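Have the picture open while you read.

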Amino acid sequence: MKIIVAIKQVPERDAHIRIDSSGKWIEESDVQYAMNESDAYALEEALQLREKHSGEVIVVSAGPERVGTTIREALAKGADRAIHIDCNDLNQRDALGVARLIADAIRPDNADLILTGLQSDDLGYGQTGVILAELLGVPHATLILHVEKTDAGLKVKRELEAGFFQEIELPLPAALTIQSGGNKLRYATLMGIKKAKTKEMRVVTAAALDGAPVAVLDGIAHPKKQRSTQIIPGDAKQAAATLVEKLKFEARIL
Amino acid sequence: MSGICVVLEERDGRIGRISWEALAAGKLLAAQSGQPVSAVVIGASTESIANEAATKAVNNVIRVEHPLLAHYTSDGYTIALHQLIEKESPTAVVFPHTYQVRDFAPALAARMNEVLIGDVVAIGEGPVFTRQLLQGRLAGNYRHQGSGPCFVSVQAGAFRADAIESGSAEATNFTPTIDAAQIRTEPGEPFRGSAQTVDLGSAPLIVSVGRGIKEADNLPIVQELATALGAELAASRPICDNGWLPMERQVGSSGQTVSPKLYLAVGISGAIQHLVGMKGSQCIVAINKDPDAPIFEVADYGIVGDLFEVVPALTEAIKAAKG
Amino acid sequence: MTSLSATLAEPQSFSLVEKLLFLLLVAASGVLFWRRFGPILRKILHSRKDPDFHLSPIGRRVWDFFWEVICQAKVIQQRPLPGLAHAFVFWGFCAFALVTLNHAAVGLGIGFLDPASWIGRTYFYLADAFAIACAVGIFGLFVRRFLVRPRWLGSKVSWESGFIAGLIFVLMVTYLGAFFTTDAAPTARILWWIHTLTLLIFLPLIPHTKHLHLVLSPATIFLSRDGFSQIPPLVGDEDFGLVTGKDLTQLVSLQAYSCVECGRCSEHCPATNTGKLLNPKEIILGVRAYLNEFGPASDEQLLGKHNSQEAVFQCTTCGACEFQCPVGIEHLPIMIGLRRGAVNTGAWENDYGGKLFNQLERGSNALGISALERDKFIQKTELPIFDGTQEYCLWLGCMGGYDPKGREIIASFARVMNYLGTSYGVLKKEKCTGDPVRRLGNDLLFQQLAEENLKALAQNKVKKIVSICPHCVRTIQEDWKAYGTPPEIEHHSEFMARFAGRLPKQKSDEKVVFHDPCYLGRYRNVYDEPRELVQLSATLVEAPRHRERSFCCGAGGGLAFLGEETGERVSHVRAQELVATGASTVGTACPFCNTMFRDALAASEKPPQLLDIAQLVARGLPPVAPTSNGVSKA
């Protein structure tokens, strides 16, 4: 099985975020980057499928030069080769624009399966996998926790809302977006990183942005309220009532 | 091109609350531009939900019906709604941001060379759509610039469903052309996660109890709170060490790591071993009599007080709220 | 005949047959010795060279040899009675070197020490004294092994040890007996032959038994690495730690064959003592068994043959084994080497370990908490940010930055520094020093963390660091060296002890038992400083196991992050011991010990309070005075 995994490099969860002078993106110089979490799970799923059914795992990632470190991490964890779409204006492209870049880069490989993480931790569009399927004309399923290969194609376990799950069967080739937590992630090893040095990393240059995107990110801002503890006053009964009100309308949980 | 289409989603035979919130967002867009709003329902037989939708202040209800839409499939929904949108050519299509919408709406938009502006939390004049970036640490403002309809999905709780007035609308039918061969996936019946073992990791709501409960005999008051909430019961290590609750319910560095939507910590002071197991929770509520307890450092909401008074009061308040 | 003027009786002449028989027996004994010892020596010599081995500084080696081998210091210090008995046997052997040589020479008619001469007489009398001491010693050791039977010697009765003890006893008795007869008497001849046969039986037995240490351990001690728990560097693209036989170095193999199976390591091991699978002695003997079965050129995996992965990952790296070992075995480089082999190749699969690694691959701290929480703590506690102008960088560490208890320690220590007028600041961003991943054997992650931290410290122009965590101190000072030059660092106990004269003193009856953290004590030799600080405001009491013999809290070696342990909890065993001292307060100097004891002490009926030495010192400080702008500083 030839599997392509689209991975994204995103700011570390802990990164200190400052808005840059354009007001449209964050100051990148003082941010450290890591592999997007659900993409790491997508990679893990791909590696496990290859271990079971043999084949090849190819990672593809779009972004500037720094993306190379995340690609090498993926190679160190066991991917066979990589495609780096060199692109310095990723944040200005919308989900369709990015998916087009990836589709163009991976089309020649005619993969059996395309995996992406469910959603990126930075922009959080959660659409790349689904649009890729549309652009490549293959069926897809999202929020996948478990993948099983069958004679006819795949049987996957999809997460639904409110604690429910569903099994979906679909033929290959197909695209899946992988939910975090379905597998245990492997860690990068010294042996892996040494082996990665000799693996192929093909760099392709991204096509220039063709006019304005459909969805334009005009500006970013810090949300009004940072997370802080609200101590709810009053006696037990009042406090309880206030809390329920807040959980309902402020936190929107109940 | 005119009109706003709001695609409503069925949940357990009725229209879910988040769909009404999407309708509220659609009406907001309509009000900005003075356009009519259509409610769209979709399925193999949509009569009852269409009737439900017709009781709201919408201009009309469109019933998208086809036998092949009996079960949700991305292919079926995409084909059907694509045909509807081609026919209606609305300026905007609004969805609730549900798992189902996330599964097909991006493909539907892409099919029309458009992009879904997803998970929107606010709509300003323009319209400008606000959505969260970097897991809520930033807010991004988006504008739609395509030539086709603007696809939008709205986050649960972002708009007030109870703001929608009632009305009585006409329903019209739309029958899409779908060939069975076009539906490439075969969905199975939804099922619950394995009920045998406690899977705190996937529980959306957790009530967790710590040393503050003092004795095993006091546990029922916390259990009642969990039941009222529909939450799983969990505990800090000392409770499980004492055998008051089974080890599998232990949250923390030597137990399970959880990230529910709500983590309600009762009588837990918040030792680091416990914090590492639950810090990823979306919303943390702490009830503790010690105002200096470290748990309040990580909590979103805190009640400083005697848990033996607060917990029963909270149970009552939740029961009342759920009606 | 019990005259002090008695001389050693030596048969005056031997027949040719006797001489030939003697030579034949010597040759046979020598061949039998070599047939066993030769292969062992080859296995050691054919092991991989130690990449970091240097003979210099030779002075340290000579001193270790003198102190630990000649003086038998460690043997005696750590187990006085059996140690002394052993020392007598050892010294007896030394004294006998000349005696035995002469004894053999006599057999060939070329004896060089005349018992009648004053030199010979003096020497043989001296040897007499040693022979008596040795005979008493070996008898004592025999009684201990076969009648007292301490469980650390293992459940299996070692008959060969008994036999050899018998041989040694016979050697001494036959020597002493020769003073009670005359040269011409047949008894002298019989004694000579018994003595000779005993010697010639003993020689080939040496390489077959744990008495191999007689030959090897002086070399092992002389060649041991400089410093405690020295983890060797990985060299080249194929070195991932101890994976197969090919990775065993000469030092590891030498040490494996040197083990005398005394069980001191097991006796002090927190894992062995709480019913875990791990027994450090068995790890060393496992390496030896591997070498015997597969040899040093084998591609067979080291783990899964004679050593189990599970056992290797139960080690808290407290270092009690390495500290105790009387024959110079360095357990920690071996234990961590085996872990490296498993982790660097990805063979180790562990849910908790994997999570820890993933958290540190993408985050900043071992606890997996957002760095924003650290920022909030810094703001709330009003800790100054390091800007290059202050003298000290106060290193928070994961526990100091995120753990509620660790934060209390930081806040207290900050008060002490404010009181002393020390200028200090904390870094805006800090990453885990890599201690847990270093000890767990993840070299890739450790290198990343060390390099990022070193870079940040250099950018901030940090010259001196002070830390509340002995693990951070050790890792920064020793382990980071492989990747750069770390700033000077000291533990807060050392820092405060330097200013003890300026810190408030109050006599008090409050009894405080101080728990020596492994990474402060055995790893850093800091024992007196925290005690001095405790005594500023309280009466110090000692737990039965303290200072060098302190018993681990169970957190080290990355184990704090590996979930629930099997068997009894190490922390509970230690907590009970501390409670039993009757002290009203347990003093610690490590935030990991603190967090382990917090739960463990709570299990006791009347738990003593638990305070870090910084908290013990800070409580004696005067209340904080308002600063000039009216805002009080924490």
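C:Glu10 is buried, with a relative accessible area of 12%; buried means under 20%, exposed over 50% and partly exposed in between, with a 1.4 Å probe and protein chains only. Keep in mind that this is a predicted model, where local features need pLDDT of at least 70 and side-chain atom pairs count only at pLDDT 80 or more, while totals for chains, interfaces and linings use all residues. Residues are numbered from 1 along each chain as its sequence is written, chains are lettered from A and ligands numbered from 1 in the order in which they are written, and side-chain values use heavy atoms, leaving out hydrogens and water.

**Around C:Glu10**

- You'll find C:Glu10 in the segment before α1 (16-45) of chain C; helices (H or I, at least four residues) and strands (E, at least two) are DSSP runs numbered from the N terminus.
- Leaving aside residues up to four places away in sequence, C:Glu10 touches C:Asn102, C:Val106, C:Leu113, C:Pro115, C:Phe124 and C:Asp183, where contact means heavy atoms within 4.5 Å.
- The side chains of C:Glu10 and C:Asn102 make a polar contact (3.1 Å). That term means a pair of N or O atoms within 3.5 Å; within protein, one must be able to donate a hydrogen and the other to accept it, and residues adjacent in sequence count only if both atoms are side-chain atoms.
- C:Phe53 sits 43 residues from C:Glu10 along the chain, and their C-alpha atoms are separated by 48 Å.

**Chain C as a whole**

- Chain C has 26 helices and 8 strands.
- Its C-alpha atoms fill a box of roughly 105 × 60 × 45 Å, taken along the principal axes.
- Of the 634 residues in chain C, 58% are buried.
- Take the contacts in chain C between residues at least 6 apart in sequence: 78% of them join residues at least 24 apart.

**Where chain C meets chain B**

- Here 22 residues of chain C are in contact with 19 residues of chain B.
- The two chains bury about 1700 Å² between them, 43% of it on carbon and sulfur atoms; buried area is the accessible area (1.4 Å probe) that two parts lose on being put together, summed over both.
- The rule finds 5 salt bridges across this interface, each a side-chain nitrogen of Lys or Arg within 4 Å of a carboxyl oxygen of Asp or Glu.
- B:Arg211 forms a salt bridge with C:Asp599, with the closest N and O atoms 3.9 Å apart.
- Several helices of chain C each supply at least two residues to the side that touches chain B, including α15 (351-362) and α25 (591-602).

**Where chain B meets chain A**

- In this pairing, 75 residues of chain B are in contact with 81 residues of chain A.
- About 6500 Å² is buried between chain B and chain A, and carbon and sulfur atoms give 57% of that.
- On the chain B side, B:Tyr99, B:Arg137 and B:Tyr301 lose the most area to chain A, together 12% of what that side buries.
- The count between these chains is 2 salt bridges.
- A:Glu134 forms a salt bridge with B:Arg111, the closest N and O atoms being 2.7 Å apart.

**A residue of chain A that reaches chain C**

- A:Lys77 lies in helix α2 (residues 67-77) of chain A.
- A:Lys77 is buried, with a relative accessible area of 10%.
- Among the residues A:Lys77 touches are A:Leu43, C:Asn358 and C:Glu361.
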